[in-house]
Amino acid sequence: MAENNPNSGLEALPYTVVRIRAGDPNNLATFHSGTGFFYVLKIGVVDVPLIVSNRHVLCGKTWIEIDFASADGQGVRIFGPPLKVRIEAGQLPIFEHSDPLVDLAAIPLNPLLDSLEGCGKKPHAPCLSRSLFIPDNQQTVLHAATSVLMVGFPNGIMDEVNNLPVVRRGTLATHYKADYLGATNFVVDIAAFGGSSGSPVFAYFENMFTDEKGNTNFFGGVIFHLIGVLHSGPIITANGKIVPAPVPTGSHIAQTNMSIHLGYCVKAFRIEELRSVIEPHVTQ
């Protein structure tokens, strides 16, 4: 991503996410909210654009509504009201991660873009990809206290007028190379509020970073890597127990538990594992 392009680089990270709202099958009068992000998965020679989020955001809902942004004639993102696309249950496939313990799922992006373009709209949908992953041999630099950014819609908070999410800054709370509690997760020191489910998380280095040999490297600008997706966080229950819980997606639920302002994230490489469930649907 080039820093001098308004559609790329750090400036463009807010443009890679969309707010998701979904109908509650148990209460037709309410809806749930979360975050999704554009991601292109390469399957053979085919690029497959997706909207990736959590399984608990996308699955089992009566309908899903997604807020797209518009682009101008040069393809630059426009600040303004969203282009809303509504998907009824069963209208599009939902690709769930093959491991039921991995809270990831995706829907195909192209049919949604086609529906908007068919109405004369110009949606803006810059995709993340595995090219933003941090190389395996550099992951040792992702120690606890490394700066991270999370892009999304906590509690549904956003700039409604300009259809923009909020970007939150925190730190890694555990070493990235260590699988937290034996799962392919890591912990961030950012409060995991409802609506943040499915938010992409980026490691962020400004002007310097320490490499795997302990050497400090200085540079001008910023470096960022997609390292994971927020899915849950620990809460303190009414009787004082600390337990993990999916980040809530509903805003109409009486809250008796308290967040302790940490978030659990699945590591980014597991996004690529969606290939196994998507590949049968792709024509090479």
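Buried means under 20% relative accessible area, exposed over 50%, and partly exposed in between, with a 1.4 Å probe and protein chains only. This is a predicted model, in which local features need pLDDT of at least 70, side-chain atom pairs count only at pLDDT 80 or more, and totals for chains, interfaces and linings use all residues. Residues are numbered from 1 along each chain as its sequence is written, and side-chain values use heavy atoms, with hydrogens and water left out.

**View 1. Strand β2 and its two partners.**
Helices (H or I, at least four residues) and strands (E, at least two) are DSSP runs, numbered from the N terminus. Strand β2 covers residues 31–43. Ten of the 13 residues of β2 are buried, so the strand is largely enclosed by the rest of the structure. Two strands pair if DSSP finds at least two bridges between them. Strand β1 (residues 17–23) pairs with β2 in the antiparallel sense, over seven bridges. Here Val18 stands opposite Gly36 in β2. Seven bridges also join β2 to strand β3 (residues 46–53), again antiparallel. In that pairing, Tyr39 stands opposite Leu50 in β3. β2 and β3 form a hairpin with two residues between them. Gly44 in the turn has a positive phi of about 65 degrees.

**View 2. Leu41 in strand β2.**
Leu41 lies in β2. Is Leu41 buried or exposed? Leu41 is buried, with a relative accessible area of 1%. Contact means heavy atoms within 4.5 Å. Leaving out residues up to four places away in sequence, Leu41 touches several residues, including Val46, Val48, Leu50, Ile271, Leu274 and Ile278. Arg130 is 89 residues from Leu41 in sequence, yet their C-alpha atoms are 7.9 Å apart.

Rings of Phe, Tyr and Trp (its six-membered ring) pair if their centres lie within 6.5 Å; planes under 30 degrees apart count as stacked, over 60 as edge-to-face and the rest as tilted. The structure holds seven aromatic pairs. One of them is Phe38 with Phe68, which is stacked, at 5.9 Å centre to centre and 25 degrees between the planes. This pair links distant parts of the chain: Phe38 sits in β2 and Phe68 in strand β4 (residues 63–71), 30 residues apart. Both Phe38 and Phe68 are buried. Tyr39 and Phe133 are also stacked, at 6.5 Å centre to centre and 25 degrees between the planes. Tyr39 is in β2, while Phe133 is in the loop between β8 (123–124) and β9, 94 residues apart. Tyr39 is buried, and so is Phe133. Phe37, Tyr39 and Phe133 form one aromatic cluster.

**View 3. His225 in strand β13.**
His225 lies in strand β13 (residues 216–236). His225 is buried, with a relative accessible area of 14%. Its side chain has a polar atom 3.5 Å from the backbone oxygen of Leu132. Not counting residues up to four places away in sequence, His225 touches Leu132, Phe133, Ile134, Pro135, Val201, Phe202, Ala203 and Phe205.

A salt bridge is a side-chain nitrogen of Lys or Arg within 4 Å of a carboxyl oxygen of Asp or Glu. How many salt bridges does a search of the whole structure find? The search finds 13. In one of them, the side chains of Glu96 and Arg55 meet at 2.8 Å, N to O. This pair links distant parts of the chain: Glu96 in strand β6 (residues 95–96) and Arg55 in helix α1 (residues 55–58), 41 residues apart. Glu96 is partly exposed, at 35% relative accessible area, whereas Arg55 is buried, at 15%.

A charge sits over a ring if NZ of Lys or CZ of Arg is within 6 Å of the ring centre and within 35 degrees of the ring normal. The charged end of Arg86 sits over the ring of Trp63, 4.2 Å from its centre. Arg86 also forms a salt bridge with Glu88, with the closest N and O atoms 2.9 Å apart. The charged end of Lys267 sits over the ring of Tyr176, 5.1 Å from its centre. Lys267 forms a salt bridge with Asp179, with the closest N and O atoms 2.6 Å apart. Lys267 is buried, at 5% relative accessible area, while Asp179 is partly exposed, at 39%.

Conventions
Polar contact = N/O pair within 3.5 Å; in protein donor to acceptor, adjacent residues only side chain to side chain.
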